[in-house]
Structures are given as C-alpha cells and as structure tokens.
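Here are my notes on the model, point by point. Please read them with the structure open.

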Amino acid sequence: MTFLSRRRPAFWADIRFVIGIVLVALSIAGVWLIVSSAGRTTPVLQASRTIVQGEALVSADFQVVEVGLGQLTTGYLAPQDLEPGMVASRTLTEGELVPTTALGEAESSRTTTIVVESSTGIPAGVAAGTMVELWQAPPREDGRSYDAPRIIVGDVIVSSVVEAEGMLDSDATTVEVVIDRADVADVLAAITGGSVLSVVPVGSTP
C-alpha cells in the first residue's frame, strides 16, 4: 500500500495570508479615523463685522462657532488665544473665520488711523474695508480757486464713514481711514494747508 504524504502549504502562502489580514485591519482603522475626525468640531472665532487692517481685536467683535476643520483647526484663532494688544494685519470681512496669519501686534504695526473730510462726499458702496485713494486739490495763491486734483495717498482702507445729516450740513463726509504712518504728515499738511480732499475708490477718477 502506498501512502500519499500531504504537502504542507508553502511558507510564502502563509506570509501572504498574514499580510492580507494586516491590510484589512489598516483599512478598517483608516475608515474609523476618517469618520471619527469628520464628526469632531473645535471652537474658533468668527468676525461678526468687518475689521480693517491695524484695528485692535477685541472679543466683542467676534462670535464663537464650532467647525470641523480637522488638522486645519490649528491655523485659526481659538477663543482662548485672543490676547490684549492683538491687531488685524489685514482686513477681515464679516463672517470670516479668523486665521492666525491675519494677526499682528500693535507695537509692530506700521499703520494708524486718521480722520479726513471728503468735500465731495463718497461714492455709493464705499464702506468699512473698502480700498480707496485720497486726492487733494491744493488752493491757488489767489485764495479763490484750486489746482487740479492729484493723488496724495493711494491704497488706504476705510475704517468708518460718517455721513452729514441735516439741511444745514454740506455734502462733505467724514471718513476715518487706515494709512501708513509715513503718509500721516502729508495728509495733515494738506488739511491744514486748505486743500480740498476727496475719497475715491481705487480704479476710479474723482
């Protein structure tokens, strides 16, 4: 009688089986991690109004929202991270989540605000956060007329607008703008020198 010996499975077949089990386990773990992170939210700050460049950041200007950003959450400002002395390094629009890249310190800010009166009023649509140019028309020596308008400062940001009200008021509009500190002297010289100032949206002509 002849006995047939049963062949043992090859070693490589056992290894392939083990690798298959490991791959299935890793796949299940990956799916679990994705589902778990998708349902995880983190509180971050959202601007409740337009905040212009150089403006101080205070808690009253934000609301806390829960968002699911995963690892990207570290790139946004959390409520506990808001500290005194922080300013916006760029304009933040209403409803925008506050990225950490838009933060700066007041001591290092090169901008400041100044109030000017736009004698010609301002075009519709100009509001906080709008990029504008400041134009001036210097007075002539006769004191009765003005030279042709020219740009005194370009690319400034409107911080706030106060429209004149009442029948006795002129068409002038008071505008607070954010400008580079290096341009303050020129603007003040134009104001004290009697120039007519106009606020013009970037790309327009006064």
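In what order do the elements of the chain run from the N terminus on? The order is α-β-β-β-β-β-β-β-β-α-β.

1. **Basis.** This is a predicted model, with local features needing pLDDT of at least 70 and side-chain atom pairs counting only at pLDDT 80 or more, while totals for chains, interfaces and linings use all residues. Residues are numbered from 1 along each chain as its sequence is written, and side-chain values use heavy atoms, with hydrogens and water left out.

2. **Overall make-up.** The chain has 2 helices and 9 strands. These are DSSP runs numbered from the N terminus: helices are H or I with at least four residues, strands are E with at least two. Of the 206 residues, 29% are buried. Buried means under 20% relative accessible area, exposed means over 50%, and partly exposed lies in between (1.4 Å probe, protein chains only). The chain exposes about 13600 Å², and carbon and sulfur atoms supply 57% of that area. Areas come from the Shrake-Rupley method with a 1.4 Å probe; for residues, only the protein chains shown count as cover. Take contacts between residues at least 6 apart in sequence: 64% of them join residues at least 24 apart. Contact here means heavy atoms within 4.5 Å.

3. **Main core.** The largest nonpolar core holds 17 residues. Those touching the most other members are Val116, Leu134, Val156, Val175, Val177, Val187 and Val199. At least two residues each come from strand S5 (111–118), strand S6 (131–137), strand S7 (150–163), strand S8 (173–180), helix H2 (184–192) and strand S9 (196–201). S7 gives the largest share, 4 residues. A nonpolar core is a set of buried Ala, Val, Leu, Ile, Met, Phe, Trp, Tyr and Cys residues joined through side-chain atoms within 4.5 Å. In soluble globular proteins, nonpolar side chains tend to be buried together.

4. Leave out residues up to four places away in sequence, and Val199 touches Val116, Ser118, Gly121, Ile122, Pro123, Val132, Glu133, Leu134 and Val175.

5. Leu26 lies in helix H1 (residues 11–38). Leu26 counts as exposed because its relative accessible area is 57%.

6. **Salt bridges.** A search of the whole structure finds 6. The criterion is a side-chain nitrogen of Lys or Arg within 4 Å of a carboxyl oxygen of Asp or Glu. Arg49 pairs with Glu55, with the closest N and O atoms 2.3 Å apart. Arg49 is partly exposed, at 30% relative accessible area. Asp61 also bridges to Arg49, at 2.9 Å between the closest N and O atoms. Both Asp61 and Arg49 sit in the loop between strand S1 (42–47) and strand S2 (62–67), 12 residues apart. Asp61 is buried, at 10%. Elsewhere, Asp147 and Arg150 meet at 3.9 Å, N to O. Asp147 is partly exposed at 28%, and Arg150 is partly exposed at 39%. Shared partners join Arg49, Glu55 and Asp61 into one network.

7. **Gln46.** Is this residue buried or exposed? Gln46 is buried, with a relative accessible area of 17%. Gln46 belongs to strand S1. Its side chain makes a 2.6 Å polar contact with that of Gln63. A polar contact is a pair of N or O atoms within 3.5 Å; within protein, one must be able to donate a hydrogen and the other to accept it, and residues adjacent in sequence count only if both atoms are side-chain atoms. The Gln46 side chain also reaches the backbone oxygen of Gly95 at 2.9 Å. Beyond four places in sequence, Gln46 touches Asp61, Phe62, Gln63, Val65, Gly95, Glu96 and Leu97.

8. **Ala106.** This residue is in the loop between strand S4 (103–105) and S5. Ala106 is partly exposed, at 37%. The C-alpha atoms of Ala106 and Ala56 are separated by 7.5 Å, with the two residues 50 apart along the chain. Not counting residues up to four places away in sequence, Ala106 touches Gly85 and Val87.
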